[in-house]
Amino acid sequence: MSAGAPSVPFLDLGAAYRELKGEIDEAIGRSISSGWYIGGKDVEDFEGEYATYCGARHCVAVANGLDALMLVLRAMDIGPGDEVIVPSNTYIATWLAVDQVGARPVPVEPDRFHNIDPARIEAAITPRTRAILPVHLYGLPAELDPILAIARAHGLRVLEDGAQCHGARYRGRRIGAHGDAVAWSFYPGKNLGALGDAGAVTTDDPALADRVRVLRNYGSRVKYVNEVKGYNSRLDPLQAAALRVKLRHLDAWNARRARIAARYRAELAGLPLGLPEAPTHLEHAWHLFVVTHPRRDEMQRALQDAGVGTLIHYPIPPHLQRAYEGAFPAGVSLPLAERLAREVLSLPMGPQLSDADAGRVIAAVRAFTSGA
């Protein structure tokens, strides 16, 4: 296969747009014609529709997922001198939000599903701990029941990072308000993706929702009257209009993802390859299909040569990023996160992935593992 764009892309966002082009173009055209470009009806309608979808009482739309995390932490009065328990295996945004409010992220290693391990959380709690921040990684919910029990026992808040799990369920209930709040990203590549950056917070707590709503708008609920020092983090109506269209198709698109994942798991079973697991009480949104292999880099090159695009989620764990240099005592190691960073590989996954292309992915993986 010649160099250049892979014949099977990791994710084809253009195909997602083309499938809904008529609906999206109509919604955006309507929004533009309204003459209202900050806030307004599309944003308010999306907030109501997404809250209902998630089974939460409130949704507050913001500019992006990182802001969603940070604003909730601010709304919880978490700040300098406080600690927040975070996964060691996650995208760095989870940690950055904690730092942005002046608190300290305290990492906890993953369980066999790559999510934060509830059995390791209590050992990380100190008198300064204020919250637990689990991430529903790859689309698979973290084990919320034990996390919530630990939080209740220690008087801690629980903020869920739902950036990758739109539509996922924990014990039959959609992710949306199991803990105190959920922070969402609608980055274009997400299961529910905007046409640019976008985010939201869902919660059952009216006071928390109100505080986030004020903080996102310069600390103001009445124009030119500023109650607190806030931020400019507002979802624009063009993104809200597109998200409203895509939300109507989210369950159908997630079902397509689930069918692709089932085929991958069936046809890659028995190979010398770590495959993702999905316990029966957790409904996976299949944002990513992540495999593990000790010769991951060779595997990625082989798939690239075969025309199959892949990504690594994530090649460097947060504690080894330059941004956190000096944040931990010299020699500190988080071996489980470090091993995953060496071994994980995300295969093409998305509702527009054709059966033929899924077959090409499977054939390329089988070819590599048989040769290896």
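How much space lies in the second largest pocket? About 500 Å³. Keep in mind as you look around that this is a predicted model.

Let's stay with that pocket for a moment. Its lining is made up of 22 residues, and the ones nearest its centre are Ile38, Arg216, Asn217, Ser220 and Arg234. Sort the lining of the second largest pocket by class and you get 9 nonpolar, 5 polar and 8 charged residues.

Now move over to the largest pocket, with a volume of about 650 Å³. Here 31 residues form the lining, and Tyr91, Ser185, Tyr187, Lys190 and Tyr314 sit nearest the centre. The elements giving two or more residues to this lining are helix H4 (65–75) and helix H5 (93–100). As for its make-up, the lining of the largest pocket counts 18 nonpolar, 9 polar and 4 charged residues.

From the pockets, turn to a helix. H11 runs over residues 355–371, which makes 17 residues. From first C-alpha to last, H11 reaches 24 Å, close to the 24 Å expected at 1.5 Å a residue. Which residues of H11 are buried? They are Asp357, Ala358, Gly359, Val361, Ile362, Ala364, Val365, Phe368 and Thr369. An α-helix has 3.6 residues a turn, so residues three or four places apart point the same way. What do they pack against? The partners are helix H8 (237–267), helix H9 (296–305) and strand E14 (344–347).

Note on methods
Residues are numbered from 1 along each chain as its sequence is written. This is a predicted model: local features need pLDDT of at least 70, side-chain atom pairs count only at pLDDT 80 or more; totals for chains, interfaces and linings use all residues. Side-chain values use heavy atoms; hydrogens and water are left out. Helices (H or I, at least four residues) and strands (E, at least two) are DSSP runs, numbered from the N terminus. The expected span of a helix is 1.5 Å times one less than its number of residues. Buried means under 20% relative accessible area, exposed over 50%, partly exposed in between (1.4 Å probe, protein chains only). Contact means heavy atoms within 4.5 Å. On a 1 Å grid over the protein atoms alone, a cavity is a set of points where a 1.4 Å probe fits but cannot get out, and a pocket is an open set with protein on both sides within 12 Å along at least five of seven lines; lining residues have an atom within 4 Å of a point. Grid points are joined across faces, edges and corners, and a volume is the space filled by probe spheres set on the points. Ala, Val, Leu, Ile, Met, Phe, Trp, Tyr, Cys and Pro count as nonpolar, Asp, Glu, Lys and Arg as charged, and the others, Gly among them, as polar.
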